Amino acid sequence: MDTFPNIQLPMSRETAESLKLGDMITLTGPIKATAGMPTHQRILDFIDEGKQIPIDLVEAAFFHLGSYSRDAEGGMEVLYMNPTTSTRFNHMMPKIIRHFRLRCVGGKGGLNTACAEALKEVGGVYLSFLGGGAPLHSKAIQKIEQVAWTDLVSHYRLVAMDVAELGPLTVAIDAHGNSLYDNLDRSAQERRDQIIEKMNQTRAR
């Protein structure tokens, strides 16, 4: 784990802008997490109504992480956490990113071009989590600081926690609007066109 640069949270805009596509890092410090569509909708509703959400997200590290937790003496105990698919939130994230000037967003599967543009505007990055890395991610949890919206099922709740060396995480969308996902899409499209052209040439013989 010590082979990856460890960045202390909260991350500054300067640090975010210094990260390059494909960089692998770990994070230490406060993060906010949820896996819930209803949670995102509630955040948007609070923004529209001018209400203060119970956990501050300004310039935060906000991750699409599902978790299984249970009530324990002195608070909530998170037994494991794992990334959920960020693309489910594509239509919600641009407004959330801009409103809170999110410095880090993360999960699995990436975000679309509109989200990448929002991250560029606020100087934020998207970090891709290791799929199937629940033991690694869970081990990073140091302390649960706050759990909000407990009327929701546990993995939909908004959770604030402290982590140590969370990762490794890959910079998949940088703070300048560049996206590994867009690059992969372009590469796949080019290869597909080449394959189709080759098949057409073979059929024509």
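Reply: Helix H3 (residues 93–100) packs with helix H4 (residues 113–122) at an angle of about 5 degrees, their axes lying 9 Å apart; axes are lines fitted to C-alpha atoms over the stretch in contact, and angles run from 0 to 180 degrees between N-to-C directions. The model is predicted, so local features need pLDDT of at least 70 and side-chain atom pairs pLDDT 80 or more, while totals for chains, interfaces and linings use all residues. Residues are numbered from 1 along each chain as its sequence is written, and side-chain values use heavy atoms, without hydrogens and water.

H3 and H4 are therefore roughly parallel to each other (an angle under 35 degrees). On the H3 side, Met 93, Pro 94, Ile 97 and Arg 98 make the contact (heavy atoms within 4.5 Å). H4 contributes Ala 114, Cys 115, Glu 117, Ala 118, Leu 119, Glu 121 and Val 122. By class, this contact of H3 with H4 has eight nonpolar, no polar and three charged residues (nonpolar: Ala, Val, Leu, Ile, Met, Phe, Trp, Tyr, Cys and Pro; charged: Asp, Glu, Lys and Arg; polar: the others, Gly among them). Helices here are DSSP runs (H or I, at least four residues), numbered from the N terminus.

Another helix, H5 (residues 134–139), holds Leu 136. At 32% relative accessibility, Leu 136 counts as partly exposed (between buried, under 20%, and exposed, over 50%, with a 1.4 Å probe and protein chains only).

Notes
Helix = DSSP H or I, 4+ residues; strand = E, 2+ residues; numbered from the N terminus. Parallel < 35°, antiparallel > 145°, perpendicular 65-115°, else oblique.
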